[in-house]
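Student: I would like to learn how to read a protein model. Could we go through one together?

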Amino acid sequence: MPLVNRFAQWLSQTPPSRMLQTYEWMVPTIQSVHIVAIGVVLAAVLMLVLRIFGVAWRDHSVADTHARFGPWLTGGLVVLLLTGLAMIVGEPPRELLALSFWLKMLLVAVGAGLVAAFRRSLRRHGARWDTAAAHDGRTRVLAVLTLLVWCAAVVLGRLIAYDYVWGSWSAGLKG
Amino acid sequence: MDAAALLATLEASAPAVAIRNSLVLFPLIESFHVLGLTLVFGTIAILDLRLLGLASTRRSFTAVASDVLPWTWAAFALTVATGVLMFVTNATTYYPNPYFQAKVLLLALSGVNMTVFELTARRTVREWDRDPSAPPAGRIVAVVSLVVWISVIVLGRWVGFTSARATAPTDPGVDFDAIEELLPK
């Protein structure tokens, strides 16, 4: 049995996991909070990308737009991390043995890295984002890519409930 | 045609049959439903928080609205289209579900709420456009909007947990009973 499967079996016997399994309303409630936080994060990323393209928030600089949405983006991601962890504890095999889950984690890591890189660049040369950078093709590609990566993470997150869509590809985790 | 016959007709329609017979269509449609509804809620919330004077207060309401609403409507179109497809696939299962019925009622209420806004605060927007927050009618609409949309999300999740799909996809290579036990929605 693969290590991840043994870990999932062990985790599902721990007291926090047993508690989450006992009360049937807990997992859907945590999922609902997770979805609300996704809304906050996606909207913040969308507005930042639209600002980089000069489509929305044009009367604010990129830095000011980030000052508006950055804290919501960070706060939303923290809520997603906490509710996500709770969902893993609540249903360990469902999450940890799903190919969609691991693909999603990969995209979340890439998305978080792209957001971190954007923020570092904004701190170092904030003013340039309002002139050259916003018209730079590569920057725009990265901006759209960031939005698409987070959207794909949302899609893969929902597909965790239907991991059979991957057919035999997801079998290795269960073994 | 009574409701039961209509539901049966919907469930027998070509798109419904195609979705039921596919392993991947329903999961994909549901995934894009989630993508759409999160964007609807996230963008609407930007506008509601502006009305309440809690965010984006350095911009006029109309500037925020014109930046946000086209994306809200685009996301809403995606959410409705995918929602309709999910409904026709399992119409007889969803229709009597009390959580589904409550969700539809709240969606109608959000439409009423939007109409109330158009008939009240929106009419005098020139007077308060640059104020940090909207007049009372606008702030009430914003609170109702936030409560309604969060409730719609919660009810939607409960619909998923309380309605088994009318017809599970059939594929001899997949043990669906084992999957059902392993993967609650």
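## Reading contacts, cores and salt bridges

Tutor: This is a predicted model. We begin with one residue, B:Phe41. Neighbours within four places in sequence set aside, B:Phe41 is in contact with A:Val36, A:Gly39, A:Val40, B:Leu146, B:Trp149, B:Ile150 and B:Ile153.

Student: Which residues have the most contacts inside the largest nonpolar core?

Tutor: The general idea comes before the case. In soluble globular proteins, nonpolar side chains tend to be buried together. Here the largest nonpolar core has 68 residues, and those with the most contacts inside it are A:Leu42, A:Met47, A:Trp57, B:Phe41, B:Ile46, B:Phe61 and B:Trp128.

Student: Which helix gives the most to this core?

Tutor: That is helix H3 of chain A, residues 26-52, with 16 residues in the core. A second, separate core has 13 residues, including A:Ala161, A:Tyr162, B:Phe26 and B:Val159.

Student: What are the elements of chain B?

Tutor: Chain B holds nine helices and zero strands. Read from the N terminus, its elements are α-α-α-α-α-α-α-α-α.

Student: How do I read burial and surface for a whole chain?

Tutor: Of the 185 residues in chain B, 45% are buried. The chain has an accessible surface of about 9100 Å², and carbon and sulfur atoms account for 68% of that surface. Contacts can be read by sequence distance too. Taking the contacts in chain B between residues at least 6 apart in sequence, 76% join residues at least 24 apart.

Student: Is A:Glu95 buried or exposed?

Tutor: Residues under 20% relative accessible area count as buried. A:Glu95 has a relative accessible area of 3%, so this residue is buried. A:Glu95 belongs to helix H5 of chain A, residues 92-96. Apart from neighbours within four places in sequence, A:Glu95 is in contact with A:Met87, A:Ile88, A:Phe101 and A:Ile160.

Student: How many salt bridges are there over all chains?

Tutor: To count one, look for a side-chain nitrogen of Lys or Arg within 4 Å of a carboxyl oxygen of Asp or Glu. The count over all chains is nine. One of them joins the side chains of B:Arg58 and A:Asp64, at 3.6 Å from N to O. This pair crosses between chains: B:Arg58 is in the loop between helix H3 (25-51) and helix H4 (61-89) of chain B, and A:Asp64 is in helix H4 of chain A, residues 62-90.

Student: What about the salt bridge between A:Glu91 and A:Arg94?

Tutor: Their side chains meet at 3.6 Å, N to O. A:Glu91 counts as buried at 11% relative accessibility, and A:Arg94 is buried with a relative accessible area of 4%.

Student: Where are B:Arg157 and B:Glu30, which also form a salt bridge?

Tutor: B:Arg157 is in helix H8 of chain B, residues 136-162, and B:Glu30 is in helix H3 of chain B. The two are 127 residues apart, and the pair links distant parts of the chain. Their side chains meet at 3.9 Å, N to O. Both B:Arg157 and B:Glu30 are buried.

Student: Which residues are linked in a network of salt bridges?

Tutor: A:Asp59, B:Arg59 and B:Asp67 are linked in such a network.

Note on methods: Residues numbered from 1 in each chain as written. Chains lettered and ligands numbered in written order. Predicted model: local features only at pLDDT ≥ 70, side-chain atom pairs only at ≥ 80, totals over all residues. Heavy atoms only, no water. Helix = DSSP H or I, 4+ residues; strand = E, 2+ residues; numbered from the N terminus. Buried < 20%, exposed > 50% of the residue type's maximum accessible area, 1.4 Å probe, protein only. Contact = heavy atoms within 4.5 Å. Areas by Shrake-Rupley, 256 points an atom, 1.4 Å probe, with all protein chains shown as cover. Core = buried A, V, L, I, M, F, W, Y, C linked by side-chain atoms within 4.5 Å.
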